[in-house]
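Hi there,

Here is the structure I promised to pass on to you. Have a look at it first, and my notes follow below.

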Number of protein chains: 2
Amino acid sequence: MSAVQSDIEIARAATKKPIIEIGAKLGIPAEELAPYGHDKAKVSADFIASLADRPNGKLILVTAISPTPAGEGKTTTTVGLGDGLNRIGKKAIVCVREPSLGPCFGVKGGAAGGGYAQVIPMEDINLHFTGDFHAITSAHNLLAAMIDNHIYWGNEQNIDTRRITWRRVMDMNDRALRQVVTSLGGPSNGFPRESGFDITVASEVMAILCLAEDLADLERRLGEIVIGYRVDRSPVFARDLKAHQAMTVLLKNAMQPNLVQTLENNPAFVHGGPFANIAHGCNSVIATKTALKLGDYVVTEAGFGADLGAEKFFDIKCRKAGLMPDAAVIVATVRALKMNGGIKKEDLSAENVQALVRGAANLGRHIANVRKFGVPVVVAINHFTSDTGAEIEALKDYAARHGADAIVCRHWADGSAGAAELAEKVVELAESGQAKFQPLYPDNLPLMDKIEIVASKIYHAAEVTADKGVRDQLKAWEEQGYGNLPVCMAKTQYSFSTDPNLRGAPEGHVVHVREVRLSAGAGFVVAITGEIMTMPGLPRSPSAERIRLNETGEVEGLF
Amino acid sequence: MSAVQSDIEIARAATKKPIIEIGAKLGIPAEELAPYGHDKAKVSADFIASLADRPNGKLILVTAISPTPAGEGKTTTTVGLGDGLNRIGKKAIVCVREPSLGPCFGVKGGAAGGGYAQVIPMEDINLHFTGDFHAITSAHNLLAAMIDNHIYWGNEQNIDTRRITWRRVMDMNDRALRQVVTSLGGPSNGFPRESGFDITVASEVMAILCLAEDLADLERRLGEIVIGYRVDRSPVFARDLKAHQAMTVLLKNAMQPNLVQTLENNPAFVHGGPFANIAHGCNSVIATKTALKLGDYVVTEAGFGADLGAEKFFDIKCRKAGLMPDAAVIVATVRALKMNGGIKKEDLSAENVQALVRGAANLGRHIANVRKFGVPVVVAINHFTSDTGAEIEALKDYAARHGADAIVCRHWADGSAGAAELAEKVVELAESGQAKFQPLYPDNLPLMDKIEIVASKIYHAAEVTADKGVRDQLKAWEEQGYGNLPVCMAKTQYSFSTDPNLRGAPEGHVVHVREVRLSAGAGFVVAITGEIMTMPGLPRSPSAERIRLNETGEVEGLF
């Protein structure tokens with residue numbers, strides 16, 4: 001990469017346009033935009049409702065190979081492709097997730113793209129932004145307070161206090177809150193019980209907001225949340241506690257998509273950010289659908305590698321929202337593939353075609369997997385200066401043999417010019433009519449069958465194991481009417497298997513389902529394989545120690 | 001009162017002006033306002049800094065008699081007086097506190113004035129507003145996470161985990177969080193310890209934000225926070241954990257005053273809202289000072305009755321910020337004074353001049369107290385339709401005998417027209433040059449002497465008692481250099497005494513100081529007399545059960 005400026009220096013040097021102008025390019029009247037400062041705005045619900053009869057643009061998913069510490073640049077490629085499409089004359093809109101505040105104070109690194117492919121204002125996007133996550137935190141914790149308050153005042157619903165599944169949330173990396181005992185201190189503080197906090201992005205409210213079609217759907221889904229079980233084991237819903245409507249009031253503004261811009265002044269919606277393990281890891285349906293009404297092309301991304309992110313994007317988000325993706329881009333780097341081929345991080349700069357081809361098996365499997373959903377694929381080679389010509393050629397050859405063109409992209413260094421070729425290829429694919437999207441499995445299979453289909457077809461596992469308790473729980477939910485839900489797999493992102501050290505394209509492994517959780521409001525059943533972290537901790541020397549305002553009032557240390 | 005519309009109906013029927021126009025009336029250029037929607041904006045730090053050399057307008061405090069369930073209408077009078085001053089040709093700005101989100105879901109009732117004397121948009125102001133309280137919550141909890149993280153990674157500072165005074169906060173009424181045990185679940189979650197949550201408005205970060213002059217002062221004060229003590233009993237500061245700079249980053253926008261408007265399109269700053277018990281209960285210094293540079297008159301209020309609110313406004317806010325108040329308005333109602341005279345709430349509508357005069361002793365004492373600070377006083381009689389002519393006359397006579405004019409106000413029903421006479425009187429007082437403001441006690445007295453002075457001069461107590469532990473703690477803080485701080489009294493607001501049932505003007509009572517707390521960053525020592533609630537609970541049937549969006553997307557049930 002030729003650029004020598006840091007991401008934040010590039011972002012600060014950008015010429016931002018007033019957000020009203022960005023909205024005007026999309027035909028959004030100024031009065032339908034609620035500004036947050038001069039460079040961020042929310043699109044009104046009324047305006048979104050007025051778009052219903054318009055045709056949809058093309059929907060492009062950006063996904064990636066299995067992640068490695070070498071990095072792939074999925075968000076960067078999403079932004080770069082959006083700018084590239086605009087460069088070649090398409091009205092394209094980028095749709096990405098909002099980053100979580102908490103982790104910004106842990107390990108250095110924001111989440112708004114990089115180099116010359118960023119969404120701005122990056123400091124705001126990485127800090128409070130338009131307050132969406134705070135609203136989600138408030139709505140989630142209001143329900144929690146109402147649960148304990150209900151019990152305090154007599155527990156009319158007969159809630160089994162040992163079987164409350166609704167925890168509290170905070171947008172902070174705080175391991176001390178993972179497991180707590182609450183209501184200590186005597187009768188006036190309630191009945192002591194075990195509970196804990198998750199990070200806000202792991203809240204089911206976040207997943208619900210990201211899957212809801214509008215405020216009415218949001219309210220209905222919030223009412224469907226199962227907060228725990230009665231003494232007779234029947235589920236207790238948020239609506240039983242009359243909490244869902246007040247929660248909706250708290251989420252009224254958070255539900256509206258946030259409009260910002262790329263460094264090249266193209267429109268971007270940054271809205272919603274559910275965890276990609278316990279939830280589906282995609283930006284909001286309402287942002288994606290609004291963008292499809294306003295643009296020729298919508299470029300969006302999904303969390304982790306394609307085995308998790310793309311699968312959930314297709315099987316949860318697209319299935320439930322009725323979205324029809326037209327093409328997928330799988331981001332790969334020569335370095336990450338070499339790492340998948342067994343090379344250590346410190347040796348990645350040396351040419352090694354053999355390791356590259358060995359690691360490319362990971363890419364090959366992701367290509368084949370995405371095609372199983374009926375979606376045509378192009379590979380984006382996110383270029384690093386250490387990549388050699390021989391490596392690039394070998395990678396292109398490999399991809400071609402697996403049915404996908406691979407295009408070298410230099411958007412990090414060159415912005416839209418570096419992604420123009422990829423944009424041309426994406427347009428060619430999307431307009432070819434090749435896409436025949438279908439989810440991996442039908443709604444009406446037993447839940448365990450759905451898990452097995454994902455494990456065999458996507459992960460290439462030989463077997464799925466689960467304890468009787470897990471199987472019984474799935475059956476109980478089927479009897480309660482939840483059998484038609486899709487499954488949301490929680491698995492390590494580093495491998496197709498449940499062993500993070502098994503890189504490349506492992507075969508014949510066993511997937512053990514350790515635990516299952518019901519997200520009745522979001523509309524999926526989470527199948528947990530291996531450890532799942534819903535509240536991160538801070539490292540020994542958190543980046544918070546170095547984050548500060550400089551002499552001119554700019555934020556330092558966040559990136 | 002003649003109006004029949006509800007507060008929310010009146011607010012919705014108001015003709016709001018774009019906030020840019022409200023700012024323009026004050027000479028704030030549009031680019032120096034960061035809009036939040038079309039009706040709220042933050043004033044930029046650069047613009048505020050540019051005002052330094054301008055002369056100050058007149059500062060008017062609105063305070064009240066001891067509160068009763070009958071209500072006095074302090075915020076309503078503050079807003080009405082602001083509108084009244086504008087009506088008679090003064091450029092007046094209202095400065096009030098931001099309401100807390102949590103309590104909105106408990107007992108019905110927002111906090112943005114009432115009738116034809118409101119600040120708008122009242123739904124937004126009562127919900128997330130511009131996110132200030134969420135930012136304070138994040139900053140507070142980042143420090144908490146960094147404390148436990150520091151201990152987790154080896155406790156280099158040798159913090160005594162039994163002597164950590166920094167708790168966590170949430171903007172929610174949630175009694176279950178008052179007392180908790182954290183870090184349960186094994187080694188990866190840290191070291192279990194007792195802790196708890198306060199409501200966000202009780203956070204020292206809130207008090208700091210409201211007393212800081214600018215971002216540099218904010219950062220310095222955040223660094224001064226004492227989070228607990230080492231094993232050797234020496235204080236551990238937030239700066240020892242390198243947390244204060246990242247906290248400042250989180251508070252960068254929250255520090256800027258929020259501009260909104262009254263129903264009559266006059267400017268109002270709604271900024272900051274510290275608890276009036278554990279903190280000083282006044283809006284932010286930065287908002288008040290900015291308003292003084294931009295207006296001829298600034299009308300502000302302080303929490304609870306004058307024994308608490310006005311005393312802290314004078315002895316903490318004015319003392320530390322160098323503010324010189326020009327006049328004070330004491331709000332009283334015939335009904336509340338009759339209640340102070342021993343009448344039950346259900347009997348308040350019947351004329352009872354005797355009870356009124358008996359209860360007016362409460363008003364008389366507040367008048368005398370405020371005058372001890374060298375500030376001239378006018379009484380505002382907030383008019384109710386049940387008030388009789390005889391009662392009004394008796395009240396005016398009583399006030400006159402105690403050295404203050406009493407003006408009947410009808411701003412609730414009539415807006416500025418109903419407060420014009422009060423406005424004229426306030427101008428007369430403020431421009432008379434009578435004000436010779438001085439705090440009640442000098443900085444250099446021992447802390448216990450300061451408590452005794454407030455108790456004797458303001459509360460008319462005979463004696464202050466305190467255990468040896470409390471006295472030793474005060475001495476220890478004096479030795480550590482905190483002896484020059486003012487004291488922040490935490491006392492029931494319902495009585496001059498510490499017994500909430502002692503209405504009127506009790507004499508010769510004993511004030512027992514149960515506990516003292518150091519707010520080293522905010523710059524005061526809290527003296528707690530009686531119970532103090534820093535995390536409220538929800539009632540049996542919380543208003544959250546009735547808060548909802550109606551068919552047209554408006555919020556119902558919040559007011």
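A:G71 is partly exposed, with a relative accessible area of 26% (buried means under 20%, exposed over 50% and partly exposed in between, using a 1.4 Å probe and protein chains only). Please keep in mind that this is a predicted model, where local features need pLDDT of at least 70, side-chain atom pairs count only at pLDDT 80 or more, and totals for chains, interfaces and linings use all residues. Residues are numbered from 1 along each chain as its sequence is written, chains are lettered from A and ligands numbered from 1 in the order in which they are written, and side-chain values use heavy atoms, leaving out hydrogens and water.

A:G71 sits in the loop between β3 (58–64) and α4 (74–87) of chain A; helices (H or I, at least four residues) and strands (E, at least two) are DSSP runs, numbered from the N terminus. Not counting residues up to four places away in sequence, A:G71 touches A:T333 and A:A336 (contact means heavy atoms within 4.5 Å).

A:K74 belongs to helix α4 of chain A and is buried, at a relative accessible area of 13%. Leaving aside neighbours within four places in sequence, its contacts include A:V62, A:E301 and A:F304.

Elsewhere, β7, β12 and β13 of chain A form an open sheet of three strands in the order β7-β12-β13, with antiparallel pairing (two strands pair if DSSP finds at least two bridges between them). Its edge strands are β7 (159–164) and β13 (235–237) of chain A.

Best wishes
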